[in-house]
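Okay, thanks for having me.

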Amino acid sequence: MTHLIETPVPARPKRPFFLRRGPMETIATVLIGVGFLMLFQPFLLVLYTYSLVTLLAGTVMFIIVSKFPE
């Protein structure tokens with residue numbers, strides 16, 4: 001009798017893998033971490049200069065990505 005029971009096929013996600021919340025939040029968090037490392041290193045002025053841009057880009061990306069479905 002159990003062979004007559006049909007198991008439902010799981011629905012495919014509507015968005016590609018890279019547009020889901022999990023992977024993109026990880027990328028945004030890594031970008032914020034890289035921005036902090038760039039901010040606190042004392043050797044290269046170029047890295048220090050672009051650290052604020054990197055931090056802001058990671059923060060904005062995290063805010064936007066947190067609205068994505070899981």
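Let me start with a question: by about how many helical turns are Phe36 and Phe40 separated in helix H1? About one, because the two are 4 residues apart in that helix. By helix I mean a DSSP run of H or I with at least four residues, while a strand is a run of E with at least two, and both get numbered from the N terminus.

Quick housekeeping. This is a predicted model, so bear in mind that local features need pLDDT of at least 70 and side-chain atom pairs count only at pLDDT 80 or more, while totals for chains, interfaces and linings use all residues. Residues are numbered from 1 along each chain as its sequence is written, and side-chain values use heavy atoms, with hydrogens and water left out.

Back to those two phenylalanines. The structure holds 1 aromatic pair, and Phe36 with Phe40 is that pair: stacked, 6.3 Å centre to centre, with 10° between the planes. The rule here is that rings of Phe, Tyr and Trp (its six-membered ring) pair if their centres lie within 6.5 Å; planes under 30 degrees apart are stacked, over 60 edge-to-face, and the rest tilted. How covered are they? Phe36 is partly exposed, because its relative accessibility is 40%, whereas Phe40 counts as exposed because it reaches 64%. The scale runs like this: buried is under 20% relative accessible area, exposed is over 50%, and partly exposed is in between, with a 1.4 Å probe and protein chains only.

Now the overall layout. The protein has 2 helices and 0 strands. UniProt, in an unreviewed entry, places "transmembrane region" at residues 22-40 and 46-65. Those positions are in the numbering used here, the feature names are shortened, and such annotations may be inferred rather than shown by experiment. In the model, the span 22-40 is 100% helix and 0% strand, with its end C-alpha atoms 28 Å apart. Residues 46-65 are also 100% helix and 0% strand, and their end C-alpha atoms lie 28 Å apart.

Buried residues make up 17% of the 70 residues. The accessible surface is about 6,000 Å², and 74% of that belongs to carbon and sulfur atoms; areas are from the Shrake-Rupley method with a 1.4 Å probe, and for residues only the protein chains shown count as cover. On contacts, meaning heavy atoms within 4.5 Å: of those in the protein with a separation of 6 or more, 58% are between residues 24 or more positions apart.

So what sits between the helices? The largest nonpolar core has 5 residues: Met24, Ala28, Met61, Val65 and Phe68. Helix H1 (21-40) and helix H2 (45-65) each supply at least two residues of it. A core here is a set of buried Ala, Val, Leu, Ile, Met, Phe, Trp, Tyr and Cys residues joined through side-chain atoms within 4.5 Å. Take Val65: not counting residues up to four places away in sequence, Val65 touches Arg21, Met24 and Glu25.

Moving along, Thr29 is in helix H1 and partly exposed, because its relative accessibility is 45%.

Is Ser51 buried or exposed? Buried, because its relative accessibility is 1%. Ser51 lies in helix H2 and, leaving aside neighbours within four places in sequence, is in contact with Gly35, Met38 and Leu39.

Then the loop between H1 and H2, where you find Gln41. Gln41 counts as buried because its relative accessible area is 16%. Its side chain reaches the backbone oxygen of Leu44 at 2.7 Å, and with neighbours within four places set aside, Gln41 contacts Leu47 and Tyr48.

Arg20 and Glu70 are 50 residues apart in sequence, yet 5.7 Å apart in space, C-alpha to C-alpha. That's my tour, thanks.

How values were computed
A polar contact is a pair of N or O atoms within 3.5 Å; within protein, one must be able to donate a hydrogen and the other to accept it, and residues adjacent in sequence count only if both atoms are side-chain atoms.
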